[in-house]
Amino acid sequence: MLNPNQVRKAAQEVVAEMIGKKVGDADYLISSGLIDSLSILKLIGNLENRLSVTIPAGDLQPDDFESVDFITDTVLRVARSR
Amino acid sequence: MQFNSYSYLLLLIPATALFWALPVPWRRWYVLAMSILYYATWNAAFVAVPLALALGVHLAARLLIAQPERGRRWFWSGVALVLAIFGFFRYRLFLLANINHLLAAFGARPMSVAWQIAVPLGISFYSFEAISYLIDAKQGRIKKSRFSDLYLFIMFWPHLMAGPIVRFRELGPQLDFARPFELRMLLRGLDRLVWGLVQKNLFANPLGSWVDQGFLHNAVRNNSTVDSWALAVAFGLQIYFDFAAYSNMAIGVAQLIGIVLPENFRFPYHAQSPADFWNRWHMTLSRWIRDYLFFPVTARFRGSPGALYASLLVVMALVGLWHGAGWGFVAWGVLHGAYLVLYRVWESLGETRLAAVTKSRLAAWGWRIFTLTAVTAAWVPFRTATGADAAHMLAGMFGRFRFGFSYPMDFYLLVLLMALFCVVEPFLAESWTRAENTIAALRGGLLAHSYLLRPAIYACGLLLFLIFDDRSTQFIYFQF
Amino acid sequence: MKRAVSSIVVVAATLVCLSGLFALQPFARMSDGLDRVFSALPAWTQVANMFRDPTTQEVSRGDSPIDSFRTLSASWAAHSGAVRVMLMGNSQSLMTSLAPGESPPSGPEKTYPDHIADRYRQAGSQKLFYRLSAGGMSYQEMLWYAMYLSGRQDIKPDVLLVQLNYQNFVNGGIRGGMLALLSDSDFRHKVEAIVQRNGADADAFAEALHTFDRFQNRSGPATTSAGQTLGYRMETGFRRQLDRIPGFNSRGAIKASFVLLMTQCRVYFLHLKSARARTLTGSRIAASRAALADLAEVCGQSGIRVILFEAPTNPAVPLYLTPDDDRQYHEFTRSVASRFGLKILDFEHSIPAGEWGMSLNVPDPLHLGREGHRRLAGLMCAALDQNGV
């Protein structure tokens, strides 16, 4: 069972790593152009490694990764442990 | 009825007034009735097409929500139905023509072209919206399918003919029409509507009349290198102004009744890369492609660059085909796919020791220039009548140089003027917003702004629209 | 309630401003202002009040020739047996730009075709003259008309005078008003034959057919626009009503003043004149040349005698960039004449510089003054007499 705080922290770190700076949990990442759709796939991969889970992305949409808040919700909803 | 027809614009005033006079629960039915009537002004019989499509999609969505264990089956049945209707109207003749080509190559008798049926307007747009509805239902984003919601989502007249392509989750919640009236809403709506009218009649149409002649079969063969470049740029500008005009009018009219539609353009010719172009050009289509096609596909092949590049090419070819049943559109899509692949390859070099090169200023400018040139070149097969014409024109632009000017000077000046406008457009938009804010901050400024300055500007825009009105032109994207 | 009032105020204020703009004619005023700033000749030198007679002129100038032909048919029917002479040309034959020193107009001004028509009428000669001109008429449009006339015995001319003008070879296409002729099925077949042959001039004809069919909804499955849809009928009704509003009909005039304003900006600020010496190359010239040859052929087959005439050019405005341009152009016109056995009347250097108008402070490359029109009419009449017309 994933811990919400742990997921949020992982999401914050992965996002900060990818865009090179810290952002607010509610800041929009995709519509603001900070992250493009292909980078989301990389983001998912990084999260999977960090949390040791599988995120089945086939039924997801880039919107589900729009902000740290959204990412946390999405991971908690769909991630399966490896 | 075109968005820029007198009848539409004049009927819009009482139609909007009546909308706001009605009690909230009646409004959705009123808007639905208006939308059906609007569609019927093109072709009354074709009202049945989006109705049938909505009924089928609703049924599939209901079943897939009610029976999750058979979800896949219902989902694919729904998608197949939409594609069958879409394909029947849109690609039947194209398919037949290509089959006949093949048959002729083998010496067989060609099949006869049965059923001369027109293509229902907007079918490409509402088919995509219907598919997105099914995908959202399958992914659990729609918990309950209500037919009236779905039908209104598809039929909502401001976006029915040529988008913006909306997701149910952004339009659905607004369809109770419960937003209270605000003057600001009306003004924002009129801003967009009037600007769209000016863009269409003053910018797009004058370019169009030159483009129509310059892209003709024999003209293409005799045009000089300068002519071909000027014409390709002219078409790029025309299609931008034309479609941005339509989108502005759609967004503006929706705003008049309190509905917010997503943006479709963000200064596309200021793109810094091929990928950036698609973040600025027909944004709701690229978002649809990204969310419902590209993301799920690439998510399955994560980590394989080959699969990623191949899917980029295939997806962009399909985007081309979506624009029309013709190989020119496919070529346009494939070219864009190739540009995207090229850019991705370059970007991946950024993760190697070449990072300093890829992130240099020179590289950034190089990509800007490449993007503009490549996008302009890609418009050639999109616009020419045949592949041979496109090849001729591209050869003239890039290799077989021929000097001279075939057309009157006014044509080249017009293209230059419009291109310059595109360059300064973002700065103009920014200054306009700043000026507005400054005026509004003055004492009494808001009143003067709303009741004097704006009406005066609207009147200037309408005057330009009226004097440049040409009834024989239509919006380019209505064909798609 | 307050909200309703605020919206009504915005819409009403917009309509009031719009009516004000229609009444004010802002572009014409700005254009006058620019002329004053740059000390241009007074506006009356560009004559607005031109002589009008639907029995000797196609008065719609290409916007609705069908109506004009109806009048012509009735007019010519009343003079059976007379020789019918028709002239096709560009705005040189429709407009007057008064030369420096010429007095302001005291009534409608006449152009050289009007003077010729007058002379024929005064002499009581059995000759009828008709001017079938439009501004910037392309050679494809001349061919278009010639093909149409050749199939209409009631308005078919015996002699067709065709203006040759170097600048005109860069014009192309068929204007919207002329498309209506396609409703004549014989004519349509002829147009289709030109398209089928796919010569250099076929493009404009193919495009004309396409545009016409799109409007008539005859093009089958590819489009669903316009035609006889409910929306189309509604729009037609609305337009009819709107055109009854006083002043609304001045849209064309306001557009013309806007275009003039743009031209003024180009000439005054950018110093780019309307007619610059140039070399003609590329697609347009190929199409124009083919159209002129086809015109000669069509007329030859249907018994219309074609006489070509080199339009006068202003000695103060060089049109040819190089001596080669001059040579090639004349070689071409002579080759068409000899191929089809046509006569060329040469008026190219017939009008002295002082009889040409001024346009935006520079010598007008195309339009004659009052005296220039008279002189050309005299020269043309004499030349026609000499050639047995």
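Leu164(C) has Glu310(C) of β4(C) as its bridge partner. The model is predicted. The pair belongs to a parallel arrangement in chain C: strand β3 (residues 159-164) and strand β4 (residues 305-310) are joined by 6 bridges. Strand β4(C) also pairs with strand β5 (residues 343-346) of chain C. Here 4 bridges are found, and the two strands again run parallel. Within this second pairing, Leu308(C) stands opposite Ile344(C) of β5(C). In a regular strand, side chains alternate between the two faces of the sheet.

Chain B is assigned two domains. Domain 1 of chain B spans 6-178, and domain 2 of chain B spans 185-398. Their C-alpha centres are 25 Å apart. The contact draws 22 residues from domain 1 of chain B and 20 residues from domain 2 of chain B. On the domain 1 side, at least two residues come from each of α1 (6-21), α4 (71-105), α5 and α7 (157-160) of chain B. Helix α5(B) gives the most to that side, with 5 residues. By class, the domain 1 side that touches domain 2 of chain B holds 14 nonpolar, 6 polar and 2 charged residues.

Helix packing was examined next. Two packed helices are described by the angle between their axes and the distance between the axes. In chain B, helix α3 (residues 48-66) and helix α5 (residues 123-138) have axes that come within 9 Å and cross at roughly 10°. Angles under 35 degrees count as roughly parallel, so α3(B) is roughly parallel to α5(B). From α3(B), the contact is made by Val49(B), Pro50(B), Leu53(B), Val57(B), Ala60(B), Ala61(B), Leu64(B) and Ile65(B). From α5(B), the contributors are Ile123(B), Tyr126(B), Ala130(B), Tyr133(B), Leu134(B), Ala137(B) and Lys138(B). The residues of this contact divide into 14 nonpolar, no polar and 1 charged.

Chain B also touches both other chains. With chain C, the contact involves 49 residues of chain C and 55 residues of chain B. On the chain C side, α1 (2-24), α7 (202-216), α8 (230-242), α9 (251-270) and α10 (282-301) each supply at least two residues. The largest share comes from α1(C), with 11 residues. The chain C side that touches chain B has 22 nonpolar, 17 polar and 10 charged residues. With chain A, 11 residues of chain A are in contact with 12 residues of chain B. The chain A side that touches chain B divides into 3 nonpolar, 5 polar and 3 charged residues.

Two serines have backbone angles of note. Most residues other than glycine have a negative phi. Ser52(A) has a positive phi near 50°. Ser52(A) lies in the loop between α2 (37-51) and β1 (53-54) of chain A. Ser39(C) has a positive phi near 45°. Ser39(C) is found in the loop between α2 (26-37) and α3 (65-77) of chain C. Because Ser39(C) has 7 C-beta neighbours inside 10 Å, Ser39(C) counts as exposed.

Terms used
Residues numbered from 1 in each chain as written. Chains lettered and ligands numbered in written order. Predicted model: local features only at pLDDT ≥ 70, side-chain atom pairs only at ≥ 80, totals over all residues. Buried ≥ 20, exposed ≤ 12 C-beta atoms within 10 Å, placed from the backbone. Axes fitted to C-alpha atoms, helices over the stretch in contact; angles between N-to-C directions. Parallel < 35°, antiparallel > 145°, perpendicular 65-115°, else oblique. Contact = placed C-beta atoms within 7 Å. Nonpolar A, V, L, I, M, F, W, Y, C, P; charged D, E, K, R; others polar. Domains from an automatic or database assignment. Pairing = 2+ DSSP bridges.
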